[in-house]
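Please have a look at it on the screen before I start.

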Amino acid sequence: METSTAGPSLAQAPKLYEQVADRIRGMILDRIYRPGDRLPSVRELSKQSGVSITTVLDAYRLLEDS
């Protein structure tokens, strides 16, 4: 049986919505967004990040659940 060492498998790579959530979480931890600040709207973050609205919604849901 052959084993590839070309890099991490797709199963190990974070999903796009997880990457977006991690970026927002990092901005909160770095105090770019402070308590009481509004996060970007779904459409605004979608445009800024170059991802779909669904991806942003999933990212915000992940942040809400954590």
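In which hand of crossing, left-handed or right-handed, does H1 pass H3? Bearing in mind that this is a predicted model, the crossing of H1 with H3 is right-handed. Helix H1 covers residues 16–29 and helix H3 residues 53–65, and the two pack with their axes 8 Å apart, at an angle of about 55 degrees. Because of that angle, H1 counts as oblique to H3.

On the H1 side the contact is made by Leu16, Tyr17, Glu18, Val20, Ala21, Ile24 and Arg25, which meet Thr55, Asp58, Ala59, Leu62 and Leu63 of H3.

Let me turn to the core. The largest nonpolar core has 10 residues, namely Val20, Ala21, Ile24, Tyr33, Leu45, Val51, Val56, Ala59, Tyr60 and Leu63. The elements that give two or more residues to this core are H1 and H3, and H3 gives the most, with 4 residues. Tyr33, one of the core residues, touches Ile24, Met27, Ile28, Arg38, Leu39 and Pro40, if residues up to four places away in sequence are not counted.

Finally, the loop between H1 and helix H2, which spans 42–49, holds arginine 31. Although arginine 31 is not a glycine, its phi is positive, at about 65 degrees. With a relative accessible area of 47%, arginine 31 is partly exposed.

Notes
Residues numbered from 1 in each chain as written. Predicted model: local features only at pLDDT ≥ 70, side-chain atom pairs only at ≥ 80, totals over all residues. Heavy atoms only, no water. Axes fitted to C-alpha atoms, helices over the stretch in contact; angles between N-to-C directions. Parallel < 35°, antiparallel > 145°, perpendicular 65-115°, else oblique. Left-handed = near helix turned anticlockwise from the far one by under 90°. Contact = heavy atoms within 4.5 Å. Buried < 20%, exposed > 50% of the residue type's maximum accessible area, 1.4 Å probe, protein only. Core = buried A, V, L, I, M, F, W, Y, C linked by side-chain atoms within 4.5 Å.
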